[in-house]
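Q: Could you walk me through this structure, one piece at a time?
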Amino acid sequence: MAASSSQPETMKAECSLDNPKACYSETSDPMLHVTLLGGEWSSSAGGLSTLNRELAIHLSNHSAVKVSLLVPEGACNYEEKNEAHTYGITIVEAKRLAAFDRLDWLSFPPHEHLMDIVVGHGVKLGRQIQVIRDSARFTNCKWVQVVHTAPEDLSKYKCYGDPISKGETKHESEVELCRLADLVVPVGPRLNEAYSSYLQRCKTDQDVLSITPGLFQREFGDLVAKQDPNEDGEFKVLLFGRGDDEDFELKGYNIAAKAFTDQRLKNKPYHLILVGAPEGKQEEVREKLLQRGIAEAQLTVRKFIQSRERLKDLLCEADLVIMPSKSEGFGLAALEALSAGLPILVGSRSGFAKALENVPIGFSCIVNSDDPAAWAEAIEAVRSRHRMRLQEIKSLRALYGEMYSWKEQCEALVNRMQRMGLGKSYLLVADVVNDYVVPDITHASSQGFRKQFCKKRKQFFLVLVRFFSDSFETKCNPSQRM
């Protein structure tokens with residue numbers, strides 16, 4: 001008992017007008033509570049969910065961070081919650097709200113939830129943070145906004161009505177959310193360049209921090225040893241990802257099909273496997289591809305796969321993965337293939353291609369053309385020296401992993417989060433109010449009480465002024481950030 005009673009006395013001895021930050025060092029949780037908004041733990045919704053999960057896992061490895069994933073009620077089953085728990089991640093559910101869009105339930109986290117940093121993703125999983133921060137409980141929470149796309153660029157190749165005007169509207173929404181956020185995190189160098197330009201007037205370099213996804217070593221690292229050279233059998237070329245009707249041209253499906261009409265590939269032992277058709281529309285997608293001239297015997301169309309285990313099987317079945325997209329914010333599909341040790345070819349207008357440009361021998365995987373003939377030539381070149389390309393990919397994989405380390409990038413992100421200021425200031429204020437404002441009234445006369453209260457109130461405001469001044473000075477002076 002003696003030991004426990006001495007602790008508050010030690011804290012109060014250090015908590016003073018000259019050292020206001022000490023007022024919350026003993027009573028505040030030392031961990032940084034980071035909550036990522038998500039629609040699921042799995043990858044049924046595609047790349048955003050995949051990246052969100054991977055980011056959460058790598059952030060959870062940081063000793064100073066406690067990570068949670070806020071999802072709509074019922075979005076995760078017991079197995080998924082248990083898997084997240086093995087990484088130290090807590091799945092938190094936002095309660096169902098009648099007549100609300102399912103993802104908008106995330107606007108109202110449980111009242112008891114602890115949250116210093118909230119991480120949103122684009123418009124779909126970022127708009128809710130405006131409502132979250134309007135809550136008195138989370139008003140001091142800092143907002144990190146991750147951006148995955150550049151809608152204006154994508155709209156040039158969308159197959160629906162009024163794509164340019166719709167792309168502009170989406171662009172304005174993305175940028176407006178970024179302006180409201182405390183930190184903007186573009187995914188990859190291409191989006192970093194774009195959003196740094198969009199936000200140049202209202203954000204500084206300290207307000208934008210790019211993350212380039214690292215290897216998916218945890219999921220696909222064991223597949224590298226299973227990749228065998230194919231120099232005689234049917235050469236399987238895989239194109240996979242979530243591809244709705246509107247994305248037929250954007251994802252380069254037409255380029256891939258026309259490449260197989262080139263004399264280098266046509267009626268030869270090459271086979272295109274397209275995985276990503278909307279469920280129930282495989283025949284429709286197949287017919288559109290056949291209209292581009294590819295032979296029936298050289299084409300297989302499958303629906304989008306949600307299972308990561310089935311994706312592993314697919315990456316072992318294929319000999320080469322191609323990503324002929326005309327525009328791609330990043331391009332996780334190609335990175336997943338590289339992580340599995342599979343040869344890849346990617347279009348030059350993707351964030352992944354721009355990342356590869358910074359890696360030795362990365363240029364050998366980039367096709368700088370939308371011409372199907374150029375893709376046919378590149379595919380043939382991979383097959384002609386497939387054994388050597390597998391060895392080159394192993395080298396590229398190692399170099400990429402060194403260049404874009406999840407650990408180092410998440411360390412930088414956590415450091416930036418910790419410097420973002422007063423995420424826990426409400427704890428300081430609560431402690432200061434307790435120590436300086438609230439007097440002991442049990443033995444005080446009314447006159448003595450008023451006198452004591454005025455004195456304590458003056459001290460309280462002095463503490464706040466000094467604390468906020470010090471925090472502002474640290475934020476504006478880079479030399480004090482370390």
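This is a predicted model: local features need pLDDT of at least 70, side-chain atom pairs count only at pLDDT 80 or more; totals for chains, interfaces and linings use all residues.

Q: How many bridges join β10 and β11, and in which sense do they pair?
A: Strand β10 (residues 320-323) and strand β11 (residues 344-347) are joined by three bridges in the parallel sense. Strands here are DSSP runs of E with at least two residues, and helices are runs of H or I with at least four, numbered from the N terminus; two strands pair if DSSP finds at least two bridges between them.

Q: What order do the strands take in that open sheet?
A: The order of its six strands is β9-β8-β7-β10-β11-β12, with parallel pairing. Because β9 (299-303) and β12 (366-367) each have a single partner strand, one side of each is left without a neighbour in the sheet.

Q: And what about the sheet that contains β1?
A: That open sheet also has parallel pairing, and its six strands run in the order β3-β2-β1-β4-β5-β6. The strands at its edges are β3 (89-94) and β6 (183-186), each pairing on one side only.

Q: Which residue of β4 stands opposite Leu36?
A: It is Val119 that stands opposite Leu36, and strands β1 (residues 32-37) and β4 (residues 117-121) pair in the parallel sense over three bridges.

Technical notes. Residues are numbered from 1 along each chain as its sequence is written. Side-chain values use heavy atoms; hydrogens and water are left out.
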